[in-house]
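Trainee: I would like to learn how to read features from a structure. Can we take one and go through it together?

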Amino acid sequence: MDERLLRFFVAIYEEKNLSRAAEKCFVSQPNISNALKQLEETIGKELFTRHKRGVEIKEDAHYLYPIAKRLLGELNAIPDLFRQSHIRTKVVIGIADSLPPALKHSFFKKMSHLLGEIEWDVRPIGRECEVNLLVREWKFEEHLFLPLIKEDYVLCIPENHPLANKNSIEISDLSGEPFIHCPPCEAHQQCLSILNNTGDKWNTIANCQSKTEVLTLLMAGLGITFLPKYLVKDKPGIHIKEYNGPRYFREIGLSYARKSLKNPRVAEMIDYLSKYGLKFD
């Protein structure tokens, strides 16, 4: 529908007179009369009853008027919308489970300040995301990886466990102890391999598919385990113990496809973090 038809209709409705409406729209009266006729034919309704002193507004015109005003307002706002500097650019980001809350807080705070007006579309990690915040082992094969931090795994002991009273723990001390296992966890796999090589064995009392589940059973006092340092920091009922054994850590960073750099905000993010990294408490 021609926007002029709605504009002429609004003028007639507000002026209740064809001549005054034509003057308001800077057109001749025949032009505005023809436009009104075209509009009425288009919607199949008579909007005004014409008489010598002007027009009488009919019920259908009362119904159409607020709709026409809204549509004209939205059309008029389009140029201003694209002239405004605060249009938000969207970044689709996937966030992995079990990442340190402090890391996520620092990341979003710093990146929102750096990138300015931005709309975050936060999802679980996936190939469809422009960028993913995750552990290196979880990155997608075709993606690039930008490391941000290395987070140590620490030996976690429930407060009522006998090992909680030892100042330093040897790997042999772990043999036969009830252990909460997370098969997908690289640190657990490494430690299990070391124990097997020394002839010692786990006493596995639970297998969990996520570190959050491991933490739940640990806080319930069911056994000992290894967990990322910042996941258990300040958690009640848990002792983090010195451990005389191999160091386990996980590397957390951004996984992204090359095509994601076509988004200028993603490119700016990657450039900044490549140069300065990310600090968090």
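Mentor: Start with charge. This is a predicted model. Glu14, Glu15, Arg20, Lys24 and Lys69 are linked in a network of salt bridges.

Trainee: What is the general idea behind such a pairing?

Mentor: Side chains of opposite charge can pair when their charged atoms come close. Now the case here. Lys24 pairs with Glu14 in a salt bridge, and their closest N and O atoms are 2.9 Å apart.

Trainee: Which residue does the side chain of Arg20 meet in a salt bridge?

Mentor: Glu15. The N to O distance is 3.7 Å. The cut-off for a salt bridge is 4 Å, so this pair counts. Arg20 is partly exposed, with 42% relative accessibility. Glu15 is also partly exposed, with 25%.

Trainee: How many salt bridges does a search of the whole structure find?

Mentor: The search finds 16. One of them joins Glu74 and Arg70, with closest N and O atoms 3.5 Å apart.

Trainee: Where do Glu74 and Arg70 lie?

Mentor: Both are in helix α4 (residues 59-83). They are 4 residues apart, about one turn of the helix. Glu74 is partly exposed at 45% relative accessible area, and Arg70 is partly exposed at 46%.

Trainee: Next, helix packing. How do I describe it?

Mentor: Two packed helices are described by the angle between their axes and the distance between the axes. Take α2 and helix α3 (residues 29-43). Their axes come within 8 Å and cross at roughly 105°. Angles of 65 to 115 degrees count as roughly perpendicular, so α2 and α3 fall in that class.

Trainee: Which residues in α2 meet which residues in α3?

Mentor: On the α2 side they are Leu18, Ser19, Ala21, Ala22 and Cys25. On the α3 side they are Gln29, Ile32, Ser33 and Leu36. By class, this contact has 6 nonpolar, 3 polar and no charged residues.

Trainee: Let me zoom in on Ala22. Is Ala22 buried or exposed?

Mentor: Buried. Ala22 lies in helix α2, and its relative accessible area is 3%. The cut-off for buried is under 20%, so Ala22 qualifies. Leaving out residues up to four places away in sequence, Ala22 touches Val27, Ser28, Gln29 and Ile32.

Trainee: How many residues apart along the chain are Ala22 and Ser33?

Mentor: They are 11 residues apart along the chain, and their C-alpha atoms are separated by 8.7 Å.

Trainee: With which side chain does the side chain of Asn263 make a polar contact?

Mentor: That of Glu130, at 3.0 Å. Now list the neighbours. Leaving aside those within four places in sequence, Asn263 is in contact with Thr89, Lys90, Val91 and Glu130.

Notes. Residues are numbered from 1 along each chain as its sequence is written. This is a predicted model: local features need pLDDT of at least 70, side-chain atom pairs count only at pLDDT 80 or more; totals for chains, interfaces and linings use all residues. Side-chain values use heavy atoms; hydrogens and water are left out. Buried means under 20% relative accessible area, exposed over 50%, partly exposed in between (1.4 Å probe, protein chains only). Helices (H or I, at least four residues) and strands (E, at least two) are DSSP runs, numbered from the N terminus. A polar contact is a pair of N or O atoms within 3.5 Å; within protein, one must be able to donate a hydrogen and the other to accept it, and residues adjacent in sequence count only if both atoms are side-chain atoms. Contact means heavy atoms within 4.5 Å. Axes are lines fitted to C-alpha atoms, for helices over the stretch in contact, and angles run from 0 to 180 degrees between N-to-C directions. Angles under 35 degrees count as roughly parallel, over 145 as roughly antiparallel, 65 to 115 as roughly perpendicular and the rest as oblique. Ala, Val, Leu, Ile, Met, Phe, Trp, Tyr, Cys and Pro count as nonpolar, Asp, Glu, Lys and Arg as charged, and the others, Gly among them, as polar.
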